[in-house]
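Reader: I'd like to learn how to read a structure like this one. Could we go through it feature by feature, starting with paired charges?

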Amino acid sequence: MVGISQWIAGMLWKLLMRSQPCRLCSFRKMLSAPKYTPFLASFTYTTDNQSNRENKKTVEKLYKLSVDIRKIQRLKGWVLLEDETYVEEIANILQQVGADETAVARILEHYPEAIICSPPAVNTQRELWQSVCKNEKELVKLIEQFPESFFTVKDQENQKLNVQFFQELGLKNVVISRFLTTASNIFHTPVEKNKQMIKVLQESYLNLGGSEVNMKVWLLKLLSQNPFILLNSSASIKETLEFLQEQGFTNFEILQLLSKLKGFLFQLCPRSIQNSMSFSKNAFKCTDHDLKQLVLKCPALLYYSVPVLEERIQGLLKEGISIAQIRETPKVLELTPQIVQYRVRKLNSLGYRIKDGYLANLNGTKKEFEANFGKIQAKKGRPLFNPVAPLNVEE
């Protein structure tokens, strides 16, 4: 009976297979098919969809220049969708100023917007930059480092007039080329506005007691340190100067502050200066006269905001440094809490307890600190006497 049952079951299975192969296959496919579309498949579709819309000629020309297409697709893929591009023309301009194949590819990867710039406009920009660069090698280096500034080809006539104006002022070409890369906004400002700001600065210097003889040197140094001062308004400059005078600073002291703060003082509003001064007065528990002396020692007390000052004072206190020590050497506030912590640890490693002494060895630039640290280290390892020196003994 068992054998017959097995035979019947086998026959029924064969009949089922013959009569419903499609339904069975469909059932198997349904079981094996994933419930959701894999993420990678979806991503591939999206990428393929974008690739289908890309300007094929643009992509081919960039590929011939060994440009990393995937990098552009990932960061600024919209450039590849543009109908009109100038890949070959821009590459030729870069090659004409001495850029090799690798440099051209690197520039176009970092700033692919270059290929949608008008070639005549880029040529004009090249001539302008060449007028202040000493050689082509330097020009290529600047374009590689600051491609966005070079390919910002608007206000070109204004840029040219500003370059000429700065040259007439006496600024060296190397300084102007630095402005073109790091402070390009001042070249897009109408030249007449820049001239007006220079006039205001000159008048302010003379009104503060500066001499005609030293004015040019002072002005050029100020501009070299902070060209963004030209973006201020004449009204804000006058307002800041009047406020400092009301706080009891003499004209000579204000000139000192301007020089030490590299003109950044003009970028502050009286309200922010007042807030910083009030905080410092309370933190150091000092009189108006003492506060003024602190500011002259450390002009950054005017420049830093209250949260920054509070953070830096707290950082110093955590290292065991007292308020009295900070008052004695306020320039230590120019250091961030992280730098203070690092330097204190280094000095402690030599047995130098900063909280028991002056902060002079903690102060200064990185180079100055390392020099002082080296002297302390050498002194620490120096023997108490020289064993090979002759003894001065009376016979």
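Author: Happy to. Glu144 forms a salt bridge with Arg106, and their closest N and O atoms are 2.7 Å apart. Glu144 lies in helix 9 and Arg106 in helix 7, so this pair ties together parts that are 38 residues apart in sequence. Before we go on, please note that this is a predicted model, in which local features need pLDDT of at least 70 and side-chain atom pairs count only at pLDDT 80 or more, while totals for chains, interfaces and linings use all residues. Residues are numbered from 1 along each chain as its sequence is written, and side-chain values use heavy atoms, with hydrogens and water left out.

Reader: What counts as a salt bridge, and how many does a search of the whole structure find?

Author: Side chains of opposite charge can pair when their charged atoms come close. The cut-off is a side-chain nitrogen of Lys or Arg within 4 Å of a carboxyl oxygen of Asp or Glu. A search of the whole structure finds nine such salt bridges. One of them joins Glu113 to Lys76, with the closest N and O atoms 2.8 Å apart. Here Glu113 sits in the loop between helix 7 and helix 8 and Lys76 in helix 5 (residues 69-76), so the two tie together parts that are 37 residues apart in sequence.

Reader: How are the helices defined, and how many helices and strands does the protein have?

Author: Both kinds of element are DSSP runs numbered from the N terminus: helices are H or I with at least four residues, and strands are E with at least two. The protein comes to 24 helices and zero strands.

Reader: Which salt bridge does Lys292 form?

Author: Lys292 pairs with Glu253, the closest N and O atoms being 3.5 Å apart. The pair links distant parts of the chain, with Lys292 in helix 19 (residues 288-297) and Glu253 in helix 17 (residues 251-260), 39 residues apart. Lys292 is buried at 16% relative accessible area, and Glu253 is buried at 12%.

Reader: Let's turn to contacts. What does Glu113 touch, leaving aside its neighbours within four places in sequence?

Author: A contact means heavy atoms within 4.5 Å. With those neighbours set aside, Glu113 is in contact with Lys76, Trp78 and Val79. For the protein as a whole, take the contacts with a separation of 6 or more: residues 24 or more positions apart account for 72% of them.

Reader: Which residues of helix 12 are buried, and what covers them?

Author: Helix 12 spans residues 173-182, and its buried residues are Val175, Ile176, Ser177, Phe179, Leu180 and Thr181. Their cover includes helix 8 (119-130), helix 9 (136-145), helix 10 (147-150), helix 11 (156-169), helix 13 (185-188) and helix 15 (212-225).

Reader: Where does Ser280 lie, and what is it in contact with?

Author: Ser280 lies in helix 18 (residues 270-284) and is buried, with a relative accessible area of 2%. Beyond its neighbours within four places in sequence, Ser280 contacts Lys285, Cys286, Leu291, Leu301 and Leu309. Lys285 itself is in the loop between helix 18 and helix 19 and, at 70% relative accessibility, counts as exposed.

Reader: What is the phi of Lys285?

Author: Lys285 has a positive phi of about 50 degrees although it is not a glycine. Another residue to look at is Lys262, whose phi is near 55 degrees, a positive value in a residue other than glycine. Lys262 is found in the loop between helix 17 and helix 18 and is partly exposed, with a relative accessible area of 40%.

Terms used:
Buried means under 20% relative accessible area, exposed over 50%, partly exposed in between (1.4 Å probe, protein chains only).
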